[in-house]
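User: Hi, could you go through this model with me? I'd like to hear about the charged side chains, then the rings.

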Amino acid sequence: MGSIKKIKMYSLDFEEFLLANNVGRDVISLMKDSYKDKKSLNESLHKEILKYFKYYLFIGGLPDAVNTFKETNNIYKVRKIHEATYNYYKSDVSKYDKNNKLKIKALYDFIPSNIENKVKRVVFKEIEDLDDVRYSKYVDAFDYLLSSGIVLDSRAISDIKFPLLQSTNKNLIKLYLNDVG
């Protein structure tokens, strides 16, 4: 048997996105220095970087989406990659957690619609139209999505003290997809 090397992979961050789009390291260094020195970038550079930031928010950091945008400059093709990736993640869950796959899929499908919700947490009644739905029913679905790296969580802090993890309310949680695009 050969050896296996596990590597935890993440989407490109904004700096990596800039590098992938041929923004030079010198420009990135200038931006970092300006930030540290609390100085503004010149207006033309600021507009150019802001344009890339808007692209990043829409395209995200999935390497396939970034490369497709670089090669085609076609947002429609990028959105098709996003859609395929989203659907792949959703179908993949049934391979690993057969007992909770319906709950995981329901929770995963709920995330995009909940992002702009004024309520800063998951409201389970919105996933299932039942009054008695609680966090405990979905705990395995949360654990799967978080441990797989498909989603990121943000938890409410009830009492600010160190360590913050002990101040969180495990039932007051908001989920985000792992890639900004």
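Analyst: Happy to. Let's begin with Lys-32, which is partly exposed at a relative accessible area of 41% (buried means under 20%, exposed over 50% and partly exposed in between, with a 1.4 Å probe and protein chains only). Please keep in mind that the model is predicted: local features need pLDDT of at least 70 and side-chain atom pairs count only at pLDDT 80 or more, while totals for chains, interfaces and linings use all residues. Residues are numbered from 1 along each chain as its sequence is written, and side-chain values use heavy atoms, leaving out hydrogens and water.

User: Got it. Which residue does Lys-32 form a salt bridge with?

Analyst: Glu-15, and the closest N and O atoms are 3.2 Å apart. The pair links distant parts of the chain, with Lys-32 in helix α2 (residues 25-36) and Glu-15 in helix α1, 17 residues apart. Helices here are DSSP runs (H or I, at least four residues), as are strands (E, at least two), numbered from the N terminus. Glu-15 counts as partly exposed, at 30% relative accessibility.

User: And how many salt bridges are there?

Analyst: A salt bridge needs a side-chain nitrogen of Lys or Arg within 4 Å of a carboxyl oxygen of Asp or Glu, and by this rule there are five. One of them joins Lys-51 to Glu-48, at 3.0 Å between the closest N and O atoms. Those two sit three residues apart in helix α3, about one turn of the helix. Lys-51 and Glu-48 are both partly exposed, Lys-51 with a relative accessible area of 33% and Glu-48 at 33% relative accessibility.

User: Nice. Where do Glu-83 and Lys-80 lie?

Analyst: Both are in helix α5 (residues 75-96), again three residues apart, about one turn of the helix. Glu-83 is partly exposed at 45%, and Lys-80 is partly exposed at 39%.

User: Okay, rings then. How many aromatic pairs does the structure hold?

Analyst: Seven. Rings of Phe, Tyr and Trp (its six-membered ring) pair if their centres lie within 6.5 Å; planes under 30 degrees apart are stacked, over 60 edge-to-face, and the rest tilted. Take Phe-14 and Phe-53: their centres are 5.3 Å apart and their planes at 90 degrees, so the pair is edge-to-face. Phe-14 belongs to helix α1 (residues 14-20) and Phe-53 to helix α3 (residues 43-59), so the pair ties together parts that are 39 residues apart in sequence.

User: Are those two buried or exposed?

Analyst: Phe-14 counts as buried at 19% relative accessibility, whereas Phe-53, at 33%, counts as partly exposed. For a tilted example, look at Tyr-88 and Tyr-89, with 6.3 Å centre to centre and 45 degrees between the planes. Tyr-88 is partly exposed at 48%, and Tyr-89 is partly exposed at 23%.

User: Which residues form one aromatic cluster?

Analyst: Phe-14, Phe-17, Phe-53 and Tyr-56.

User: What does the side chain of Asp-179 make with the side chain of Ser-11?

Analyst: A polar contact, at 2.9 Å. The term means a pair of N or O atoms within 3.5 Å; within protein, one must be able to donate a hydrogen and the other to accept it, and residues adjacent in sequence count only if both atoms are side-chain atoms.

User: Last one: what does Val-180 touch?

Analyst: Tyr-56, Leu-57 and Gly-60, again not counting residues up to four places away in sequence. Val-180 is also in the segment after β2, and at 41% relative accessibility Val-180 counts as partly exposed.

Definitions and conventions:
Contact = heavy atoms within 4.5 Å.
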